[in-house]
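Please read the following paragraphs with the sequence and the model side by side, moving from the chain as a whole to single residues.

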Amino acid sequence: MSERLRGIPRGGVGRTDAAGAWGATPGTRRGRTVACLMVGEIRPFAGDAASKVPFVGGQLKKPLRSAAEAGTGLADAGRSLQDTVGHVAMLTTVALIVIPVVFVLLLWLPPRLRWIRRSAVTRRLAAGPGGADILALRVLTGSQRELAALPTPPGGLAEAWRRGDKQVIADLAAIGLRQAGLRA
């Protein structure tokens, strides 16, 4: 057994010793298994050892060297695949986080902030003195679609508002609050 393999536990993966000579730290490229080290050891030692066998040493050396090179190729392919999977996982994670955040920040948040500002102004307006009258006037000058649902008093809604009819003003203010997205 070579010097490189001497301190490796039989379980396959160990930790770096005090000198930092060998070890496996999950998620790093430094970590190596016994199989990877064995592949690295086959090339220089097995081929040399096989070449010393009488009569067939030269013939044994070539297959052992090609097996070591194939093992190295497989180890390199595994590392490359691991790197690719790591990159894809990172990109997927970023995409799954960035896309919803961008959606919230660009598409949902600005209209929501505008609504919050408008509703705060409407609330302040309604809470102030004469606020119901201003909301009623706003409804009278706005869309007529919701006014059709109200019962029309004698002389019309505008005349009732001018007279100060509390019920008409309250109904019109409730419509104004609903249009702003608020409860009456």
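Of the 184 residues of the chain, what percentage count as buried? In this predicted model, the share that counts as buried is 21% of the 184 residues.

Turning to secondary structure, the chain holds five helices and zero strands, so that, followed from the N terminus on, its elements read α-α-α-α-α. The contacts can be described by their separation in sequence: when those between residues at least 6 apart are considered, 42% of them join residues at least 24 apart.

Helix α2 spans residues 57–127, and Phe103 has its place there. Phe103 also belongs to a nonpolar patch on the surface, whose members are Met90, Val94, Ile97, Val98, Val101, Val102, Phe103, Val104, Leu105, Leu106, Leu107 and Trp108, and which has about 1,100 Å² of accessible area when these residues are taken together.

Thr122 is another residue that lies in helix α2. It counts as buried because its relative accessible area is 3%, under the 20% cut-off for that class. Leaving aside residues up to four places away in sequence, Thr122 touches Leu135, Arg138, Leu177, Ala180 and Leu182.

The next step is the packing of two helices. In general, two packed helices are described by the angle between their axes and the distance between the axes. Helix α3, made of residues 131–141, and helix α5, made of residues 166–179, pack at an angle of about 70°, and their axes are 7 Å apart. Because angles of 65 to 115 degrees count as roughly perpendicular, α3 and α5 are described as roughly perpendicular to each other. On the α3 side, the residues that meet α5 are Ala132, Asp133, Leu135, Ala136, Val139 and Leu140, while on the α5 side their partners are Ile169, Leu172, Ala173, Ile175, Gly176, Leu177 and Gln179. Leu135 and Leu177, which take part in this meeting of helices, are also among the residues touched by Thr122.

Helix α4, finally, covers residues 157–163 and includes Arg162. Is Arg162 buried or exposed? Arg162 is exposed, because its relative accessible area is 58% and the class begins over 50%. Arg162 and Leu137 are separated by 25 residues in sequence, and their C-alpha atoms are 9.6 Å apart in space.

Note on methods. Residues are numbered from 1 along each chain as its sequence is written. This is a predicted model: local features need pLDDT of at least 70, side-chain atom pairs count only at pLDDT 80 or more; totals for chains, interfaces and linings use all residues. Side-chain values use heavy atoms; hydrogens and water are left out. Patches are made of residues with over 30% relative accessible area and no salt bridge: like charges are joined within 9 Å, nonpolar side chains (Val, Leu, Ile, Met, Phe, Trp, Tyr) within 5 Å. Accessible areas come from the Shrake-Rupley method with a 1.4 Å probe; for residues, only the protein chains shown count as cover. A salt bridge is a side-chain nitrogen of Lys or Arg within 4 Å of a carboxyl oxygen of Asp or Glu. Helices (H or I, at least four residues) and strands (E, at least two) are DSSP runs, numbered from the N terminus. Buried means under 20% relative accessible area, exposed over 50%, partly exposed in between (1.4 Å probe, protein chains only). Contact means heavy atoms within 4.5 Å. Axes are lines fitted to C-alpha atoms, for helices over the stretch in contact, and angles run from 0 to 180 degrees between N-to-C directions. Angles under 35 degrees count as roughly parallel, over 145 as roughly antiparallel, 65 to 115 as roughly perpendicular and the rest as oblique.
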